[in-house]
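Please look through the structure shown here with the sequence beside it.

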2 protein chains.
Amino acid sequence: MGGRISTDLIRGHTDTIILNILRHGDSYGYEIYKTIIALSGRQYELKEATLYSAFRRLEQDDLITSYWGDETQGGRRKYYRITKKGLETYEQNLKDWRFAKGILDKLIEGGLENVDRQ
Amino acid sequence: MGGRISTDLIRGHTDTIILNILRHGDSYGYEIYKTIIALSGRQYELKEATLYSAFRRLEQDDLITSYWGDETQGGRRKYYRITKKGLETYEQNLKDWRFAKGILDKLIEGGLENVDRQ
DNA sequence: TTAATATATATCATATTACTATGTCTGTCA
DNA sequence: TGACAGACATAGTAATATGATATATATTAA
C-alpha cells in the first residue's frame, strides 16, 4: 500500500473520515477499516488500533453511538451510528478542510514575491 | 485571526512551510513568523514556540543551517539557510502533499456508492 | 518619565493522537 | 488440525504543536 502518506498528514482527519463513512449508514469497526482502504483506492490504511481509539473518543464526545449486532455466528460486531451532533461536526470539519487546503497551498507552494510582512 | 485552522490540520506541515520560505532566501525566526501570517492572508499564525522547536529539529536533521547576523543594534538575529538536503526534502514533501490532498478528498468527501471493500 | 508595544530568541511542561505490539475469540477452508 | 480471515480491544510509546514563561533591546505614546 501507498506508504507515501505520512501519519502526520492524516492526523486530525481521522474523526472526519470515520464520520464521513457513518453518515452513509451504520457500520462496524472492521468494515470501516476495509472501507477506508477501498475509499483511498488502496493507497492508505488507517490502523485498527487508531480506529478503535477514535471510536472511543467519538462516542465520548457524543458524535457517534454504538450497539451490538445480533450476529448468531462469527465474531460479534459493534455497530456505530452517527449522531446529530456528529453530522454537524462532520459538516463543520468539511468546511474547515476546504478552508485549510487553500491556506496550506499558499504556505507550502506560495512564492514570497508580493508578501507584505507589515 | 482565522481560528478555523485547527492545530491538527497543520501538524506535519510545519517543516515544509518553513522550508518553502527558506528556499526563497535566508531568514530569521521572527521574520519567518511574520511571513507565515502574511502568506496565509492573515488567516493563520504558527506559534513562535512551534517555530523555534521546528528550527532545532530541522537543524538536527541537516535540512537547515544557522548563523548569527551582525546586527550592531536591536535584538540579535539568528539566520537560517536551507541546505541541499532541505531542498530535496521540500520537493518530496510537496509531492506528498499533492498526493495526500487527493486521497483526503476521497476519504473526507467521498461517497460509498461504488466502493468495493473486497 | 514611564508604560506599553514591537522586535527577537528560547525553554519547559503538557496535551493530543497515531502507531506498534500484543492478546482474545470465532468460523472457514484446505 | 492448522492456517487464515473476521472481529474487537488495550497498554505503552513516540512525535509534535502549543501555552506559559523568561530575557533583552528599541521605539512610541501618554
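**A walk through the model**

A:Asp62 lies in the loop between α4 and β2 (64-68) of chain A, where helices (H or I, at least four residues) and strands (E, at least two) are DSSP runs, numbered from the N terminus. The model is a predicted one, in which local features need pLDDT of at least 70 and side-chain atom pairs count only at pLDDT 80 or more, while totals for chains, interfaces and linings use all residues. Residues are numbered from 1 along each chain as its sequence is written, chains are lettered from A and ligands numbered from 1 in the order in which they are written, and side-chain values use heavy atoms, with hydrogens and water left out.

Although A:Asp62 is not a glycine, its phi is positive, at about 65°. A:Asp62 is partly exposed, with a relative accessible area of 48%; here buried means under 20% relative accessible area, exposed over 50%, and partly exposed in between (1.4 Å probe, protein chains only). In chain B, B:Asp62 is placed in the loop between α4 and β2 (64-68), has a positive phi of about 65° without being a glycine, and is partly exposed at a relative accessible area of 49%.

The next topic is how the two chains meet. Contact means heavy atoms within 4.5 Å, and 49 residues of chain B are in contact with 49 residues of chain A. Between them the chains bury about 4800 Å², 63% of it on carbon and sulfur atoms, where buried area is the accessible area (1.4 Å probe) that two parts lose on being put together, summed over both. On the chain B side, B:Arg4, B:Leu107 and B:Ile108 lose the most area to chain A, together 16% of what that side buries.

A:Lys101 belongs to helix α5 (residues 84-109) of chain A. Which residues does A:Lys101 contact, leaving aside its neighbours within four places in sequence? They are B:Trp97, B:Lys101, B:Asp105 and B:Glu109, and A:Lys101 counts as buried at 16% relative accessibility.

From the interface we turn to the core. A nonpolar core is a set of buried Ala, Val, Leu, Ile, Met, Phe, Trp, Tyr and Cys residues joined through side-chain atoms within 4.5 Å. The largest such core has 68 residues, and those with the most contacts inside it are A:Ile36, A:Tyr44, A:Leu51, B:Ile36, B:Tyr44 and B:Leu51. Apart from neighbours within four places in sequence, A:Ile36 is in contact with A:Ile17, A:Ile21, A:Tyr44, A:Leu46, A:Leu51 and B:Leu107.

In chain B, eight of the eleven residues of α3(B) are buried, so this helix is largely enclosed by the rest of the structure. The buried residues are B:Gly29, B:Ile32, B:Tyr33, B:Thr35, B:Ile36, B:Ile37, B:Ala38 and B:Leu39, and they pack against α5 of chain A together with α2 (14-22), β1 (27-28), α4 and β3 of chain B. After α3(B) comes B:Gly41, whose phi is positive, near 70°.

The last topic is the DNA. A residue is near a strand if one of its heavy atoms lies within 4 Å of it. Of the 27 residues around DNA strand C, those that come nearest are A:Arg11, A:Thr50, B:Tyr30, B:Glu48 and B:Arg77. Sugar or phosphate holds 75% of the atoms of DNA strand C within 4 Å of the protein, and the rest belong to bases. For polar contacts, which are pairs of N or O atoms within 3.5 Å (within protein, one must be able to donate a hydrogen and the other to accept it, and residues adjacent in sequence count only if both atoms are side-chain atoms), a backbone N or O atom of B:Tyr30 lies 2.7 Å from a phosphate oxygen of DNA strand C. To the surface near DNA strand C, α4(B) gives the most, with four residues.

Around DNA strand D there are 26 residues, the closest being A:Tyr30, A:Arg77, A:Lys78, B:Arg11 and B:Thr50. Of the atoms of DNA strand D that come within 4 Å of the protein, sugar and phosphate account for 76%.
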